[in-house]
Amino acid sequence: MAEDDKQSYIDYDAFLDPDFSPTAFANSLVIATNNPSDHPIDLSTPLSRVLFDIQEIDTHIHNLTTKSAIPLLTHTRDQADAGERIVADVEAQVASLTEGYQRLQKEVIQRYEEADEVRIAVERLWETVRVGRSVARCLTLGRQLETQMAEVGESGGAAAQVKKGDHRAMVRASNTLLSIRKILAASGPDEEGEHLSKINLITYLQHSVLTPAETSLRNRAQQIIREFSMSSLAPASSAPATYTQSEETKSRTTSALLTLQILNPRLLLAALQAYLRTSLTASLASIARALGNLPTLDRTLLEVSARCQNIVALESLLDTIKPPQAASPEAGAKVENEAGNLLEPLLAALDTSSLPSFFWRSLAEGLAPRVGDLVGKGGVSARALRSQKERVRDSIRECVLRGSQGPGNINVRAGAWEREAAVMVGSVIGSLGR
């Protein structure tokens with residue numbers, strides 16, 4: 001074969017070169033067989049050269065295969081026999097693996113799939129049981145809430161007739177309502193209230209029981225706080241409250257305060273601030289009218305003292321009530337519940353040390369411009385006010401000291417309210433001049 005390569009005129013190295021270019025080779029043949037000035041160019045000669053070379057290569061291949069046929073066939077047969085032996089061994093291995101996989105599938109995979117189906121079924125059953133228990137608990141609490149609202153007197157039925165108007169039931173109803181709210185609020189994964197929002201019965205419970213009950217409790221408690229009165233300075237048309245009536249008022253108000261604290265401490269704070277604003281507004285308007293009609297001043301100041309006594313009594317009551325352990329899930333409820341009693345958050349919100357002091361100072365602040373307007377207008381009222389300045393001074397001072405003592409003198413502190421009395425007197429007398 002080496003001799004054949006030497007005898008051949010074909011440059012096999014050029015054809016086997018990785019950089020061989022057919023176009024460059026064809027161009028070299030055309031240039032070698034033609035002159036650049038020839039026109040047209042003769043392509044038959046280079047084409048014949050290429051065809052001759054191909055024929056030569058074909059002849060060379062034929063000679064090589066003819067001489068080496070037996071070795072090639074022998075090599076091919078040996079390769080085929082080796083491949084068959086490898087395939088036979090591989091097939092045996094594959095058959096063994098297939099048999100092992102089938103046994104594994106039967107003994108492990110199928111059993112796992114069956115066990116996984118059972119696991120999924122058990123998980124779904126457990127989830128159903130959890131939801132069922134939560135629904136049952138909500139319904140039980142809802143029924144309990146209806147009974148308690150009947151005891152409060154906010155619904156009909158035999159229970160309402162037996163214990164109509166039981167204010168203590170307000171606190172129990174508020175705690176029950178809060179328990180239901182906590183269940184519904186715990187709606188995270190694996191929590192008690194998960195999926196409850198998708199239950200139609202729970203939605204009905206919220207709309208028909210929880211929301212009306214919360215609204216009723218809130219309105220009832222706010223009404224009790226608005227009507228709070230324990231003053232011993234009764235008007236001439238009514239007798240002072242007895243000890244039993246006073247204790248009942250304190251007990252009823254305590255229930256109202258705890259109810260709002262449980263529902264939402266912010267509701268309680270708003271109700272107390274509204275009570276103070278109402279007392280201030282009424283007192284400011286009545287004193288302003290009385291200063292223009294001095295014969296009514298004593299009665300008006302008595303009413304203002306009575307309002308302040310109610311505020312003193314309310315402060316004393318708030319100071320004795322500790323926040324309930326149950327905390328509303330509303331935002332901000334935790335902060336209010338950290339106080340030692342119900343009075344501290346109110347004093348912090350009003351930025352004052354005591355409610356009577358806040359009452360008198362706020363009243364004096366609003367009264368000064370009213371008196372200035374009255375004096376500025378002149379007339380009989382202004383002249384009468386100036387002529388009886390000393391009497392007005394003494395009456396206002398006595399009003400402050402009398403009102404600040406509270407009902408039954410529960411807030412007696414010698415000289416404790418002289419500063420508030422001076423502020424009130426100054427707000428009126430200061431505008432009268434000397």
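This is a predicted model: local features need pLDDT of at least 70, side-chain atom pairs count only at pLDDT 80 or more; totals for chains, interfaces and linings use all residues.
Let me begin with one residue. R130 counts as buried, because its relative accessibility is 17% and buried means under 20%.

Where does R130 sit in the secondary structure? The residue belongs to helix α5, which covers residues 69-152.

Which residues does R130 touch, once those up to four places away in sequence are set aside? The partners are D190, E191, E192 and E194.

Let me now turn to the helix itself. At Q105, α5 bends by about 45 degrees. Just after α5 comes G153, whose phi is positive, at about 105 degrees.

I shall close with the protein as a whole. Its secondary structure consists of 17 helices, with zero strands. Of the 434 residues in the protein, 35% are buried, and R130 is one of the residues that count as buried. As for contacts with a separation of 6 or more, 73% of them link residues 24 or more positions apart. Finally, the protein has an accessible surface of about 25,900 Å², and carbon and sulfur atoms contribute 55% of that surface.

To restate the local picture: R130 lies in α5, counts as buried, and touches D190, E191, E192 and E194. Thank you for your attention.

Key
Residues are numbered from 1 along each chain as its sequence is written. Side-chain values use heavy atoms; hydrogens and water are left out. Helices (H or I, at least four residues) and strands (E, at least two) are DSSP runs, numbered from the N terminus. Buried means under 20% relative accessible area, exposed over 50%, partly exposed in between (1.4 Å probe, protein chains only). Contact means heavy atoms within 4.5 Å. Accessible areas come from the Shrake-Rupley method with a 1.4 Å probe; for residues, only the protein chains shown count as cover. The bend at a residue is the angle between axes fitted to the seven residues ending there and the seven starting there.
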